[in-house]
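Please open the model in your viewer and keep a selection tool ready. The tour moves from one stop to the next, saying at each what to select and what is there.

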Amino acid sequence: MSRCTLRNVRFAGMATCVPKRVFHNVNDAPPKIRSERERLARNIGIYTRRLCPEWQTFSDLAFEAAEKLLAELQWNKADIDALIIVGQSPDYLIPATAIIMQDRLQLPQTTIAYDVNLGCSGYPFGLHLMGSMIAAGAIKKGLLLVGDRAGEEKDPLFSDAGTATALEFDASAPPMHFDLNSDGSGHKAIMLPVGGHREPVDVHHLIPHRDEGGYLRCGMDLVLDGPAVLSFSTQRVPPAVEGLLDHVGMSKDEIDYFVFHQANKMINDTIRKKLRLPEEKVPSTLRDFGNTSGASLPVTMTARLHDKLAQGRHRLLLCGFGIGLSWGTAIVDIDSGVFPALIEA
Amino acid sequence: MVNIEQFIEQFLAAVDFQDPVEVNPDTKLADLPEWDSLAALATIVLFDTEYGKVIVGPDIAKCVTVGDLYALLG
């Protein structure tokens with residue numbers, strides 16, 4: 001059953017951390033491809049991205065976000081029952097990064113901790129997973145760390161971010177509604193084909209070659225079928241959003257903000273137009289922060305809405321979509337949550 | 001239904017080439033210096049949002065000329 005409603009789950013707050021390092025898609029590109037990059041930046045809507053320096057990982061960013069959030073919430077770390085990471089940028093291939101973070105964040109050893117391997121679609125799935133444990137009465141307080149270190153200088157889309165979201169049991173909390181879907185027939189649309197058991201790393205995968213822009217590429221790189229991803233996103237997302245709204249009997253007017261995964265401008269504009277949503281209700285961070293994978297919903301909520309979400313009650317529709325293929329939508333009411341301003345580390 | 005001249009105008013606006021090009025129905029896509037994956041994405045979006053017609057990457061890959069793209073409007 002892809003649609004469900006969770007009760008007794010309060011969205012307590014969120015913090016987002018991005019690297020300090022700003023990379024400009026046009027000015028920082030090799031001079032001979034700058035003209036091409038101008039056209040690309042204009043059409044994908046991404047001008048600057050945040051890239052981790054060599055030493056920095058996703059978990060470093062998520063750690064900063066989690067510490068800030070816990071401090072502002074004034075939560076006792078001993079009360080945290082679960083720590084789930086949703087992302088595809090582990091510190092090591094094994095063990096799970098969430099377990100390492102249990103120790104690093106000094107959470108109790110009674111903490112449930114594991115990683116969930118989802119990318120751009122991950123945020124609603126993470127809310128649903130942690131929310132389900134809380135709604136079932138299995139845990140009281142949970143911390144969800146979502147994001148990736150997917151950015152590279154040579155590829156103009158992806159940007160790095162780590163985020164933390166706090167959920168807690170509250171019998172008076174408004175319901176959360178979900179629509180969650182998977183289509184594995186599209187798994188080749190975005191993939192790292194090498195490095196798993198189907199195609200283990202071999203010497204030939206490591207031999208780099210220079211592409212037309214002068215960037216080094218090799219068989220270890222991400223493969224992305226742009227037209228397939230665009231078709232998937234623009235065909236599947238609008239009906240999923242409308243389907244969930246219909247299912248719960250809400251009109252678009254009852255939603256204060258529609259926050260979509262920040263894929264690229266072409267995809268996001270098409271989705272917004274197909275759903276006939278006014279621009280002011282659809283915040284965007286593509287221009288400044290690019291595509292931050294699963295972190296893009298928290299990045300956008302923090303960078304564009306954090307002061308609003310800290311006061312009063314707002315209803316958000318959150319929609320993530322991408323690698324898998326996988327797409328999920330959540331309708332969440334946030335009432336005076338803790339939303340610190342964007343952190344840079 | 002747009003005519004071919006209107007289509008070419010909208011097509012050029014969509015693909016947003018940096019350097020202006022002369023295009024007619026017989027122009028081969030491969031001869032357009034900036035015909036690339038971005039242009040293919042823009043073409044898919046143009047068909048979807050302007051003409052309400054869903055096309056996918058392989059449909060575009062089969063097209064040789066600009067006229068072939070227009071014919072996808074069916």
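Begin by selecting the contact between the two chains, to which chain A gives 16 residues and chain B 14 residues, two residues being in contact if their C-beta atoms, placed from the backbone, lie within 7 Å. This is a predicted model, in which local features need pLDDT of at least 70 and side-chain atom pairs count only at pLDDT 80 or more, while totals for chains, interfaces and linings use all residues. Residues are numbered from 1 along each chain as its sequence is written, and chains are lettered from A and ligands numbered from 1 in the order in which they are written.

On the side of chain A that touches chain B, the elements giving two or more residues are α1 (34-44), α5 and α6 of chain A (helices, H or I, of at least four residues, and strands, E, of at least two, are DSSP runs numbered from the N terminus). The largest share of that side, 7 residues, comes from α5(A).

Next select α5(A), residues 226-248, together with α6(A), residues 265-274, which pack at an angle of about 25° with their axes 9 Å apart; axes are lines fitted to C-alpha atoms, for helices over the stretch in contact, and angles run from 0 to 180 degrees between N-to-C directions. The two helices α5(A) and α6(A) are therefore roughly parallel to each other, a term for angles under 35 degrees. Among the residues making this contact are L230(A) and V237(A) of α5(A) and I267(A) and I271(A) of α6(A).

Finally, select the open sheet of 5 strands in chain A, ordered β1-β9-β16-β15-β14 with mixed pairing, where strands pair if DSSP finds at least two bridges between them. Its edge strands are β1 (3-6) and β14 (257-260) of chain A.

How values were computed: Angles under 35 degrees count as roughly parallel, over 145 as roughly antiparallel, 65 to 115 as roughly perpendicular and the rest as oblique.
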